[in-house]
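Hello,

Here is the structure I promised to pass on. Please look through it, then read my notes below.

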Amino acid sequence: MAAPVGFPDGVAVVRAYLREQLVARGTDVPVGTRVPEQRPPRFVRLERVGGMRVDLVTDRPRIDVQCWGDSEESAHDLAQLARALLFAMPGWRGAVAYSVAEVGGPNTLPDPASGQPRVVFAVEVSLRGRALDAP
């Protein structure tokens, strides 16, 4: 019988990576899973919207990446930066994430609640699982 395999939280992995990389490039914006109560001019929201386990040790979450800006250009620029950074993610922190595939290209989609400019895209990130410790 094979050992049970657990997978990391795909959104948490992407959030940590993207936040670190944005800050390293001088773009200090919030990256989270919710729209902040006090909306900053620019921020990124991540949401797992599906994906599935591919094999015994691979999970492939599908993640929506939503980038808000104080103008259409600002939202676009943030989305393009986040997109480029995500494609460079494989191998980060010991190859937990070993591939990134775009499954929905950038799309202008203003926020329906506020009208704030927003650009969204979707990726699937292949993540390696680990055998769970024996009970």
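A84 sits in helix α2 (helices are DSSP runs of H or I of at least four residues, strands are runs of E of at least two, and both are numbered from the N terminus). A84 is partly exposed, with a relative accessible area of 45%. The scale is this: buried is under 20% relative accessible area, exposed is over 50%, and partly exposed is in between, with a 1.4 Å probe and protein chains only. A84 is 78 residues from G6 in sequence, and their C-alpha atoms are 28 Å apart.

Some ground rules. This is a predicted model, in which local features need pLDDT of at least 70 and side-chain atom pairs count only at pLDDT 80 or more, while totals for chains, interfaces and linings use all residues. Residues are numbered from 1 along each chain as its sequence is written, and side-chain values use heavy atoms, with hydrogens and water left out.

Now the rest of α2. Its 16 residues should span 22 Å at 1.5 Å a residue, and the end C-alpha atoms are 23 Å apart, which agrees (the expected span is 1.5 Å times one less than the number of residues). The buried residues of α2 are S74, A75, L78, A79, A82, L85 and L86. Seen down the axis of α2, these buried residues fall within an arc of 130 degrees, so they line one face of the helix (the arc is that of the directions from the helix axis to the C-beta atoms). The face turned away from that buried side carries the exposed residues E72 and E73.

Next, α1, residues 10-24. At 1.5 Å a residue, its 15 residues should span 21 Å; the end C-alpha atoms are 21 Å apart, in agreement. Buried in α1 are G10, V11, V13, V14, Y17, L18, Q21 and L22. Down the axis of α1, the buried residues fall within an arc of 160 degrees, so they too line one face.

Both ends of α1 have something to show. D9 caps the N-terminal end, with a side-chain oxygen 3.0 Å from the backbone nitrogen of V11. G26 follows α1 and has a positive phi, near 80 degrees.

How do the axes of α1 and α2 cross? They come within 10 Å and cross at roughly 115 degrees (axes are lines fitted to C-alpha atoms, for helices over the stretch in contact, and angles run from 0 to 180 degrees between N-to-C directions). That makes α1 roughly perpendicular to α2 (under 35 degrees is roughly parallel, over 145 roughly antiparallel, 65 to 115 roughly perpendicular, and the rest oblique).

On to the strands. E124 lies in strand β6. E124 is buried, at 15% relative accessible area. Its side chain joins that of R62 in a polar contact of 2.8 Å (a pair of N or O atoms within 3.5 Å; within protein, one must be able to donate a hydrogen and the other to accept it, and residues adjacent in sequence count only if both atoms are side-chain atoms).

S114 is in the loop between β5 (97-108) and β6 (118-128). S114 is partly exposed, at 40% relative accessibility. The S114 side chain makes a polar contact with the side chain of D111 at 2.8 Å. A polar atom of the S114 side chain also lies 3.0 Å from the backbone nitrogen of Q116.

Best wishes
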